[in-house]
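This report walks through strands, cores and backbone details of one model. Keep the sequence and the structure in view while reading.

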Amino acid sequence: MRIPSTLVEVLLVLALFCCSPWTVWSSTTLCQQTNEEVRPHSVSITEFGAVGDGVTLNTKAFQNAIFYLNSFADKGGAKLFVPAGRWLTGSFDLISHLTLSLDKDAVILGSTNPEDWPVVDPLPSYGRGRELPGGRHKSLIYGHNLTDVIITGNNGTIDGQGSIWWNRFWNRSLDYTRPHLVELMNSTGVLISNLTFLNSPFWTIHPVYCSQVTVQNVRILAPHDSPNTDGIDPDSSDNVCIEDCYISTGDDLIAIKSGWDEYGIAYGRPSTNIIIHRLVGRTQTSGIAIGSEMSGGVSEVHAEDIQFYDSYNAIRIKTSPGRGGYVRNIYVSNVTLANVDIAITFTGLYGEHPDDAYNPNALPVIEKITIKDVVGENIKTAGLIEGIEGDNFVNICLSNIILNVTSNYPWNCSYVKGYSDLVQPEACEPLKERIFPGHCSDCYYLTNQIQSSNSQNRGDIRG
């Protein structure tokens with residue numbers, strides 16, 4: 001091996017030794033292997049009078065089938081099978097120990113009559129509907145206080161037929177906040193897999209106040225001009241794994257949330273231990289976003305093996321004075337971008353407030369954000385990183401980022417402090433200080449990797 005001939009080369013080698021990931025997290029260590037639970041009891045929706053012609057309303061059939069299957073909840077659970085066909089329905093509730101399973105040619109269609117989507121109370125961590133004061137429409141597929149719930153299929157489809165809701169949004173004729181496609185509240189042990197979700201009226205998959213949630217191998221699609229059709233929004237939830245998904249919608253592909261201003265602060269349930277692996281997608285807003293509703297706190301987010309193309313933002317943190325809460329210990333790595341307007345965006349002045357009772361002095365804490373191993377072609381702006389005056393975002397660490405940027409001003413940074421190594425174009429002034437040698441411990445997860453590397457190397461030597 002050639003001995004480095006200059007001090008610069010020596011420092012680069014040492015930097016790579018100290019701060020690069022010698023060990024890489026994998027889905028086998030982060031996300032537990034999930035298999036569809038075998039249920040001892042199974043029925044078809046057709047046994048309850050459902051007609052799959054795309055015209056007949058089958059809400060009662062779904063409700064009656066699930067009511068019947070509830071008697072098996074303590075006997076190993078049950079499966080409701082939806083065969084090939086187009087099954088029109090309004091909102092219906094799931095139960096514990098249930099598998100909702102769709103045939104590959106099955107399509108569950110959301111009713112286009114808003115009266116088939118009942119109005120329910122607002123979430124306590126939001127204090128009101130997200131769009132309007134008061135209640136909100138219940139999601140098409142809904143559950144609360146559940147355990148062991150599976151929504152799956154052989155790439156069957158759940159279509160919210162959201163265009164009527166989008167038009168009402170644009171026409172300002174909504175009476176209540178639009179419904180999600182799937183929402184599970186206060187639930188544990190949730191698996192959503194092997195399905196296509198289309199045209200949600202609002203956010204598509206919304207686990208809120210949940211634990212142990214896995215979303216695997218799903219496609220989520222909506223037109224790029226459809227308003228607020230987020231893909232997957234973990235909200236005040238923990239131990240969430242999202243992997244092997246393709247998402248192309250009109251808003252954030254994934255948005256991690258935890259409540260809105262004073263209501264989220266009072267409710268106080270963070271989103272934590274969120275794993276995102278092998279996500280591909282495109283959007284006119286953001287690929288992976290945190291916020292803007294993050295008042296209960298967001299931490300321990302790991303996103304790896306990400307590909308975004310033909311999109312506006314790739315990685316984004318959104319917050320505002322009045323939010324309170326925190327975003328910390330975020331690690332994003334192995335990201336590939338193509339035709340993206342802004343690779344990295346932090347926005348400290350984002351979004352509206354639920355009412356006038358919010359505290360403008362409740363400032364968010366944004367710290368220990370690591371973004372590394374990013375490549376991008378045809379990127380307009382490398383980073384727009386804007387904190388809050390008097391509330392700097394700190395320990396922002398960028399490592400091994402190479403972007404082909406078309407702008408003459410690749411970075412715009414204010415009210416931030418952090419470090420960088422091996423970043424092209426060169427990072428903005430507040431982030432220019434080198435990670436190595438003095439700031440590895442200030443950068444989230446890099447120290448963990450050093451310890452893992454050293455342990456592994458000692459084991460190799462002993463062997």
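Thr152 sits in strand β11. In this predicted model, Thr152 has a relative accessible area of 3%, so Thr152 is buried. Its side chain makes a polar contact of 2.9 Å with the side chain of Ser193. Thr152 is also one of the residues in contact with Leu100, neighbours within four places in sequence left aside.

**Parallel pairing around β11**

Strand β11 covers residues 147–153 and pairs with strand β14, residues 188–193. The sense is parallel, and the pairing runs over 4 bridges. Within it, Ile150 stands opposite Leu191 of β14. Strand β14 also pairs with strand β17, residues 211–216. That pairing is parallel too, over 5 bridges. Here Thr188 faces Ser211 of β17.

**β12, β15 and β18**

Strand β12, residues 156–159, runs parallel to β15 and is joined to it by 4 bridges. Ile158 stands opposite Phe197 in β15. On to β18: 3 bridges join it to β15, again in the parallel sense. The bridge partner of Thr196 in β18 is Arg219.

**An open sheet**

Which order do the strands of the open sheet follow? The sheet has 4 strands, ordered β5-β10-β13-β16, with parallel pairing. β5 (92–93) and β16 (205–208) stand at the edges. Each has a single partner strand, so one side of each is left without a neighbour in the sheet. β5 is joined to strand β10, residues 141–144, by 2 bridges. In that pair, Phe92 has Ile141 of β10 as its bridge partner.

The pairings described above are collected here.

| Strand pair | Sense | Bridges | Facing residues |
|---|---|---|---|
| β11 and β14 | parallel | 4 bridges | Ile150 and Leu191 |
| β14 and β17 | parallel | 5 bridges | Thr188 and Ser211 |
| β12 and β15 | parallel | 4 bridges | Ile158 and Phe197 |
| β15 and β18 | parallel | 3 bridges | Thr196 and Arg219 |
| β5 and β10 | parallel | 2 bridges | Phe92 and Ile141 |

**Nonpolar cores**

The largest nonpolar core has 95 residues. The residues with the most contacts inside it are Leu80, Leu94, Leu100, Ile158, Phe197, Ile276 and Ile371. Strand β24, residues 326–347, gives the most to this core, with 9 residues. A second, separate core has 9 residues, including Tyr126, Tyr142, Phe202 and Trp260.

Neighbours within four places in sequence aside, Leu100 touches Leu80, Val82, Phe92, Leu94, Ile108, Ile141, Ile150, Ile151 and Thr152. Among these contacts, Phe92 and Ile141 are themselves bridge partners. Another of them, Ile150, stands opposite Leu191.

**The loop at Asn199**

Asn199 lies in the loop between β15 (195–198) and β16. Is Asn199 buried, partly exposed or exposed? Its relative accessibility is 21%, so Asn199 counts as partly exposed; the buried class ends under 20%. The side chain of Asn199 makes a polar contact of 3.3 Å with the side chain of Asp159. Leaving aside neighbours within four places in sequence, Asn199 is in contact with Asp159, Gly160, Gln161, Gly162, Trp166, Leu221, Ala222 and Pro223. Ser163 is 36 residues from Asn199 in sequence, and their C-alpha atoms are 7.3 Å apart.

**Backbone details**

Two residues other than glycine have positive phi values. Asn145 has phi near 55° and is placed in the loop between β10 and β11. At 53% relative accessibility, Asn145 is exposed. Ser236 has phi near 50° and lies in the loop between β18 (219–221) and β19 (238–249). At 0% relative accessibility, Ser236 is buried.

Which residues are joined by a cis peptide bond? Ser292 falls in the loop between β22 (286–290) and β23 (298–318). Phe436 and Pro437 are also joined by a cis peptide bond, with omega about 5°. Pro437 is found in the loop between β28 (416–424) and α6 (446–462).

Note on methods:
Residues are numbered from 1 along each chain as its sequence is written. This is a predicted model: local features need pLDDT of at least 70, side-chain atom pairs count only at pLDDT 80 or more; totals for chains, interfaces and linings use all residues. Side-chain values use heavy atoms; hydrogens and water are left out. A nonpolar core is a set of buried Ala, Val, Leu, Ile, Met, Phe, Trp, Tyr and Cys residues joined through side-chain atoms within 4.5 Å. Buried means under 20% relative accessible area, exposed over 50%, partly exposed in between (1.4 Å probe, protein chains only). Contact means heavy atoms within 4.5 Å. Two strands pair if DSSP finds at least two bridges between them. A polar contact is a pair of N or O atoms within 3.5 Å; within protein, one must be able to donate a hydrogen and the other to accept it, and residues adjacent in sequence count only if both atoms are side-chain atoms.
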